[in-house]
Amino acid sequence: MELNPTKEQILAEYGRTRRELQAWLANATAEDLRRKSNGTKWTNEELLFHMVFGYMVVRALLPMVHTVSRLPGPVGRGFAAALNAGTGPFNVVNYWGSRAASTFYNRRRMGRKLDKTLAALSRRLERETPATLSRSMPFPDRWDPFFATMTVNDVYAYPTLHFDFHAGQLSLER
């Protein structure tokens with residue numbers, strides 16, 4: 001995805017990732033999904049859920065991003081620093097949370113969850129103005145290689161970057 005993508009580009013990428021997830025889920029056998037992914041401790045099914053979870057997290061974070069981006073810069077930087085200090089516990093929760101959640105949002109449910117999440121994100125993105133999309137806040141850069149100071153627009157684009165990064169770790173046929 002380009003730097004500073006337009007709303008249309010972000011929405012098009014949402015559609016692409018939706019189709020890719022559907023294809024993986026339709027074509028993977030139970031054995032394929034139980035197989036370990038490449039470079040993670042997750043199985044393919046757990047990693048697929050984690051990829052969906054990136055969109056779920058963004059949906060939940062957007063109200064906070066809108067709020068923190070209105071606060072003075074030192075407040076946002078302090079918030080990001082506090083979150084960086086909790087990187088160890090975050091990594092544990094991120095790993096085990098995706099493992100546990102994938103037992104509910106398994107191959108039969110995760111596609112529907114992504115559809116609903118993308119629909120909600122798309123509706124919200126359509127309502128954003130250029131001014132709100134340009135607001136920014138610091139993110140905990142030790143949590144994710146894509147985190148830095150991000151605009152609201154960057155936050156909408158982030159889950160697709162996260163999805164594509166982890167797609168390269170699946171041991172499934174594309």
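Modeller: Start with a contact, meaning heavy atoms within 4.5 Å. Here Ile 10, Glu 13, Tyr 14, Arg 16, Thr 17, Glu 20, Leu 21 and Trp 24 of helix 1 touch Asn 153, Tyr 156, Ala 157, Thr 160, Phe 163, Asp 164 and Ala 167 of helix 8. By class, these contact residues are eight nonpolar, three polar and four charged. Nonpolar covers Ala, Val, Leu, Ile, Met, Phe, Trp, Tyr, Cys and Pro; charged covers Asp, Glu, Lys and Arg; the others, Gly among them, are polar. This is a predicted model: local features need pLDDT of at least 70, side-chain atom pairs pLDDT 80 or more, while totals for chains, interfaces and linings use all residues. Residues are numbered from 1 along each chain as its sequence is written, and side-chain values use heavy atoms, without hydrogens and water.

Colleague: At what angle do the axes of helix 1 and helix 8 cross?

Modeller: Roughly 30 degrees, with the axes of helix 1 (residues 7-27) and helix 8 (residues 152-167) coming within 10 Å. The two helices are therefore roughly parallel (angles under 35 degrees).

Colleague: How do I find empty space?

Modeller: Rolling a probe the size of a water molecule over the atoms shows where empty space is left. A cavity is a set of points on a 1 Å grid over the protein atoms alone where a 1.4 Å probe fits but cannot get out; lining residues have an atom within 4 Å of a point. This structure has one cavity of 30 Å³ or more.

Colleague: Which residues line the largest cavity?

Modeller: Val 58, Leu 61, Phe 139, Phe 147, Met 150, Val 155 and Tyr 158. The lining has seven nonpolar, no polar and no charged residues. Helix 3 (44-68) and helix 8 each give at least two of the lining residues.

Key:
Axes fitted to C-alpha atoms, helices over the stretch in contact; angles between N-to-C directions. Helix = DSSP H or I, 4+ residues; strand = E, 2+ residues; numbered from the N terminus. Parallel < 35°, antiparallel > 145°, perpendicular 65-115°, else oblique. 1 Å grid on protein atoms, 1.4 Å probe; cavity = no way out; pocket = protein on both sides within 12 Å on 5 of 7 lines; lining within 4 Å. Points joined across faces, edges and corners; volume = space filled by probe spheres on them.
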